Amino acid sequence: MAASTAYSLIATDLDGTLLRADDTVSDRSLAALARVAESGARHLVVTGRPAPRVRSLLDELGSTGLAVCGQGAQVYDAGADRLLWSVTLDRELAETALGKIEAEVGQVYAAVDQDGIEGLTLIEPGYLMPHPTLPAVRVGRRDDLWCEPISKVLLRHPYLSDDELAVTARAVVSSLATVTMSGPGTVELQPCGVTKATGLALAARHLGLGPEVTIAFGDMPNDIPMFDWAARGVAMANAHPELRGVADEVTLSNEDDGVAVVLERLFRAA
């Protein structure tokens with residue numbers, strides 16, 4: 001049995017945090033999460049990936065519980081393979097937001113994650129997937145992106161950095177959508193007011209847990225709301241400077257099992 005700790009809920013981002021660059025979870029991390037489970041604590045994946053893109057990873061983790069997906073827009077029940085909660089981004093608002101952004105910075109390339117557990121990732125001509133291992137369907141024109149309800153829009157610019165694009169997007173569409181930066185080449189628009197923290201709070205409440213017993217791990221600015229909500233936020237060594245600036249602790253990188261290092265310290269074997 002693991003020793004007692006102040007934390008009953010472990011919230012981890014995936015890309016750049018729990019996952020290595022090859023989209024795998026190390027044996028050391030799996031062992032640390034197993035120790036967490038043995039202690040009676042809960043592990044929640046909190047990711048920008050939509051629910052359909054996390055199924056195989058949750059299987060690898062042996063997770064049959066909840067996961068927060070789509071930057072907080074979805075709470076997914078892995079055991080039942082269904083969404084307990086989801087919120088969509090109004091497609092007309094999304095089009096308007098894109099127009100406002102392009103009026104400031106010129107052409108951007110867009111993709112969308114469709115809502116639902118079978119939702120597709122659609123990409124318009126010119127958009128390059130930041131994660132080539134994730135499946136996507138290329139459409140012929142932008143109008144085709146709006147054929148079904150969506151949870152978010154992903155943006156890339158031909159020469160602006162992610163930080164520059166995100167700053168401009170926030171300035172012009174803050175009343176229409178929440179703007180997040182979740183990884184290299186990934187600036188996103190999601191429903192206004194929706195963040196990882198709102199999704200995490202909803203899932204935690206479902207589990208009967210609160211922020212005071214939660215420790216969160218992440219690597220990008222989209223994890224800042226989650227850090228603000230949780231009792232403790234741990235940034236990876238490879239984290240964006242904005243997140244490191246608000247973290248309570250910085251651990252090793254995702255490639256060096258930084259999540260496992262902290263969990264091994266907190267959940268020592270008896």
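Colleague: Which residue in the hairpin of E3 and E4 takes a positive phi?

Modeller: Glycine 70 does, with phi near 60°. This is a predicted model. The hairpin has four residues between its strands.

Colleague: How do you know that E3 and E4 pair, and in which sense do they run?

Modeller: The cut-off for pairing is at least two bridges. Four bridges join E3 to strand E4 (residues 74-77), and the two run antiparallel. Leucine 66 stands opposite aspartate 77 in E4.

Colleague: What is the sense of pairing between E2 and E3?

Modeller: Parallel, over two bridges. E2 covers residues 42-46. The cut-off is at least two bridges, so this counts as a pair. Alanine 67 in E3 is the bridge partner of valine 45. From E2 the chain crosses through helix H3 (residues 55-61) to E3. That β-α-β crossover is right-handed.

Colleague: Which way do the residues of strand E3 (residues 66-69) point, and are they buried or exposed?

Modeller: Leu66 and Val68 point one way, Ala67 and Cys69 the other. All are buried.

Colleague: What is the phi of aspartate 23?

Modeller: About 70°, a positive value, although aspartate 23 is not a glycine. Most residues other than glycine have a negative phi. Aspartate 23 sits in the loop between H1 and H2.

Colleague: Why is aspartate 23 called buried?

Modeller: Its relative accessible area is 17%. Buried means under 20%, so aspartate 23 qualifies.

Colleague: What about aspartate 257: what is its phi?

Modeller: Near 60°, again positive in a residue other than glycine. Aspartate 257 lies in the loop between E14 and H9. Its relative accessible area is 10%. The cut-off is under 20%, so aspartate 257 is buried.

Colleague: How do you know that the span of helix H5 (residues 162-173) agrees with 1.5 Å a residue?

Modeller: H5 has 12 residues, which should span 16 Å. The expected span counts one less than the number of residues. The end C-alpha atoms of H5 are 16 Å apart, so the two agree.

Colleague: Which residues of H5 are buried?

Modeller: Leu165, Ala166, Thr168, Ala169 and Val173. In an α-helix, residues three or four places apart point the same way, because there are 3.6 residues a turn.

Colleague: What covers the buried residues of H5?

Modeller: The cover includes helix H4 (91-105) and strands E9 (150-156), E10 (177-183) and E11 (186-191). H5 lies across E9, E10 and E11, and runs at about 170° to E10.

Colleague: In what order do the six strands of the open sheet stand?

Modeller: The order is E8-E7-E6-E9-E11-E10, with mixed pairing.

Colleague: What makes E8 and E10 edge strands?

Modeller: Each has a single partner strand, so one side of each is left without a neighbour in the sheet. H4 packs on this sheet, touching E6, E9 and E11. The direction of H4 makes about 15° with that of E9.

Colleague: How many bridges join strand E6 to strand E7?

Modeller: Three. A pair needs at least two, so E6 (residues 109-114) and E7 (residues 121-123) count as paired. They run antiparallel. Valine 112 stands opposite leucine 122 in E7.

Colleague: What kind of unit do E12, helix H7 and E13 make?

Modeller: A right-handed β-α-β unit, with H7 at residues 224-229. Right-handed means that, with the strands pointing away from the viewer, the path from the first strand over the helix to the second runs clockwise. E12 (residues 214-218) and E13 (residues 232-235) pair in the parallel sense over four bridges.

Colleague: At what angle do H2 and H9 pack?

Modeller: About 35°, with their axes 9 Å apart. H2 passes H9 in a left-handed crossing. Among the residues in contact are Ala32 and Leu33 of H2 and Ala260 and Leu263 of H9.

Conventions: Residues are numbered from 1 along each chain as its sequence is written. This is a predicted model: local features need pLDDT of at least 70, side-chain atom pairs count only at pLDDT 80 or more; totals for chains, interfaces and linings use all residues. Side-chain values use heavy atoms; hydrogens and water are left out. Buried means under 20% relative accessible area, exposed over 50%, partly exposed in between (1.4 Å probe, protein chains only). Contact means heavy atoms within 4.5 Å. Axes are lines fitted to C-alpha atoms, for helices over the stretch in contact, and angles run from 0 to 180 degrees between N-to-C directions. A crossing is left-handed if the near helix is turned anticlockwise from the far one by less than a right angle, and right-handed if clockwise.
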